[in-house]
Amino acid sequence: MSMDRALLSEMLERDVAYFDACQSTQVEARALAQNGAPSGTLVVADSQTAGKGRLGRSWHGEPGENLAFSLILRPPLPPQQAPLLCLATAVGLANALDLRIKWPNDLLDQDGRKICGILAEMEAQASYVEYAIIGVGINVNQVGFPEELPNPGSLAMSRGVQDRSSVLRDAVFAIERWCAELSGGGDSVLMAWRKRAAHLGQRVRVGQIEGIARDVRGDGAL
């Protein structure tokens, strides 16, 4: 079932660009950002025909079951701090939805199933970030997934059916709150990230590199 645009706008205290279907909320949000859309502009789609995740991977989601949205931010940050927006987003979502963070951009439930993915893109000048687009996909009520997906999960699988509008409200407010923390430096975000990290102290593999995940650096690298 589609969400009600007017209700979303009221709950989120802003106009929401809502699509029953679109190619990608990232594509729609980028067009709005390039035309001067203000920070806090939100694009939501009930389904995407070409949703994408990190490294160009596709994002699978059943219409009417999950959340796909992109949030435009214009943070007062230098470009070298922009990678921390992804960590701040992860902290906000992990706190709002009670999830664990898998570096760099996935959120897991207590059974290690992937519930949420983050894709952060930006446009920057030499000394400042012109805009950032935070794309988020959350598996909310879907319980059946394609076999090729590695260990997928949803909020409903452990908590029962969720109200998607309420999940969206909580997620967006939490993202904005934690991204705003970066204006005072990234220490509070990094501390909060460590508390929600799923694999610190464990052996991990990132690409061709394998080792013990000890910490994240000040720039967000593992």
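What is the volume of the second largest pocket? I looked it up and found about 290 Å³. A pocket here is an open set of points on a 1 Å grid over the protein atoms alone, where a 1.4 Å probe fits, with protein on both sides within 12 Å along at least five of seven lines. The volume is the space filled by probe spheres set on the points.

I noted the conditions. The model is predicted, so local features need pLDDT of at least 70 and side-chain atom pairs 80 or more, while totals for chains, interfaces and linings use all residues. Residues are numbered from 1 along each chain as its sequence is written, and side-chain values use heavy atoms, without hydrogens and water.

I then checked the lining (residues with an atom within 4 Å of a point). It holds 18 residues, and A82, P83, C86, A120 and E121 lie nearest the centre of the pocket. Two or more residues come from each of α3 (84–97) and β6 (114–124). Helices (H or I, at least four residues) and strands (E, at least two) are DSSP runs. β6 gives the most, five residues.

Next I followed β6 into its sheet. Seven strands form an open, mixed sheet in the order β1-β2-β3-β7-β6-β5-β4. Strands pair if DSSP finds at least two bridges between them. The edge strands, β1 (16–19) and β4 (100–102), each pair on one side only. β5 (residues 106–108) runs antiparallel to β6, joined by three bridges. I picked out L108, whose bridge partner in β6 is K114.
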